[in-house]
Amino acid sequence: MTGTIRTFEPEVRAQVVKRFEETVHGVATAMGCRATIDLERLTPATVNQPETARTVQAIARQLFPGEDIHSANYITMGSEDFAFLLEKVPGCFFFVGSANPEKGLDAGHHHPKFDFDEVALRVPPP
C-alpha cells in the first residue's frame, strides 16, 4: 500500500503519523500478521508568512489597479518545492494568472496542453 500524508502543521502531522502507525500495526495484529512501515518525509506544506503575504498583496494591488487580486486564504494540498525555502526564510508563494483563451492557453496545471502566456508577466499588463 502506498499513499501520501499531507498536513499544514507539524503537530498535526505528528499526530496523523502516530495514528497511522497505530492503525497499521493494530490491523496487522488483529489479522495475525506483522506490518512494516516505510514512511519518509517528502515535501512539507507550503505555508506563507502572513506579513510577507500582506506585502505581496499590497504591491499587486498597486501594480494592477482594478484587477481582481484574490487575497482570501487560499488553502491547497498541492506539493511544492518552494516549501523548503519557506521553512528557512519568511516568504510568500502566490499564483500568477496567465490563462488566455483567445490563444488557446487555458489548460489547467498538469494538463499535457498547459502552456504559459508570458504576456501575463508584463508590468503594466498590455
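User: Which residues make the nonpolar surface patch of about 360 Å²?
Analyst: Patches are made of residues with over 30% relative accessible area and no salt bridge, and nonpolar side chains are joined within 5 Å. This is a predicted model. In it, a nonpolar surface patch of about 360 Å² is made by Phe8, Val47, Ile75 and Met77.

User: Is Val47 buried, partly exposed or exposed?
Analyst: Val47 sits in the loop between α1 and α2. Its relative accessibility is 44%. Buried means under 20% and exposed over 50%. Val47 therefore counts as partly exposed.

User: Which helix has the highest mean pLDDT among the elements of the chain?
Analyst: The chain averages a pLDDT of 87, and 95% of the residues score at least 70. Among the elements, helix α2 (residues 50–63) has the lowest mean, 90. The highest mean, 94, belongs to helix α1 (residues 10–30).

User: Which residues does His25 touch, not counting residues up to four places away in sequence?
Analyst: His25 lies in helix α1. It is partly exposed, at 37% relative accessibility. Contact means heavy atoms within 4.5 Å. Not counting residues up to four places away in sequence, His25 touches Ala35 and Ile37.

User: What separates the C-alpha atoms of His25 and Thr36?
Analyst: His25 belongs to helix α1. His25 and Thr36 are 11 residues apart along the chain. Their C-alpha atoms are separated by 8.4 Å.

User: Is Ser98 buried or exposed?
Analyst: Ser98 is placed in the segment after α3 (82–86). Leaving out residues up to four places away in sequence, Ser98 touches Leu105, Phe116, Asp117 and Ala120. Its relative accessible area is 11%. The cut-off is under 20%, so Ser98 is buried.

User: How are the rings of Phe82 and Phe93 arranged: stacked, tilted or edge-to-face?
Analyst: The structure holds 2 aromatic pairs. In the pair of Phe82 and Phe93, the centres are 5.8 Å apart, with 45° between the planes. This pair links distant parts of the chain, with Phe82 in helix α3 and Phe93 in the segment after α3. Planes under 30 degrees apart count as stacked and over 60 as edge-to-face, so the pair is tilted.

User: Which residues do ring pairs link into a cluster?
Analyst: Phe82 is partly exposed at 25% relative accessible area, and Phe93 is partly exposed at 26%. Phe93 also forms an edge-to-face pair with Phe95, 5.5 Å centre to centre and 85° between the planes. The cluster linked by ring pairs is Phe82, Phe93 and Phe95.

Notes. Residues numbered from 1 in each chain as written. Predicted model: local features only at pLDDT ≥ 70, side-chain atom pairs only at ≥ 80, totals over all residues. Heavy atoms only, no water. pLDDT = per-residue confidence, 0-100. Helix = DSSP H or I, 4+ residues; strand = E, 2+ residues; numbered from the N terminus. Buried < 20%, exposed > 50% of the residue type's maximum accessible area, 1.4 Å probe, protein only. Patch = residues over 30% accessible without salt bridge, like charges linked within 9 Å, V, L, I, M, F, W, Y side chains within 5 Å. Areas by Shrake-Rupley, 256 points an atom, 1.4 Å probe, with all protein chains shown as cover. Salt bridge = Lys/Arg side-chain N within 4 Å of Asp/Glu carboxyl O. Phe/Tyr/Trp six-rings, centres within 6.5 Å; stacked < 30°, edge-to-face > 60°.
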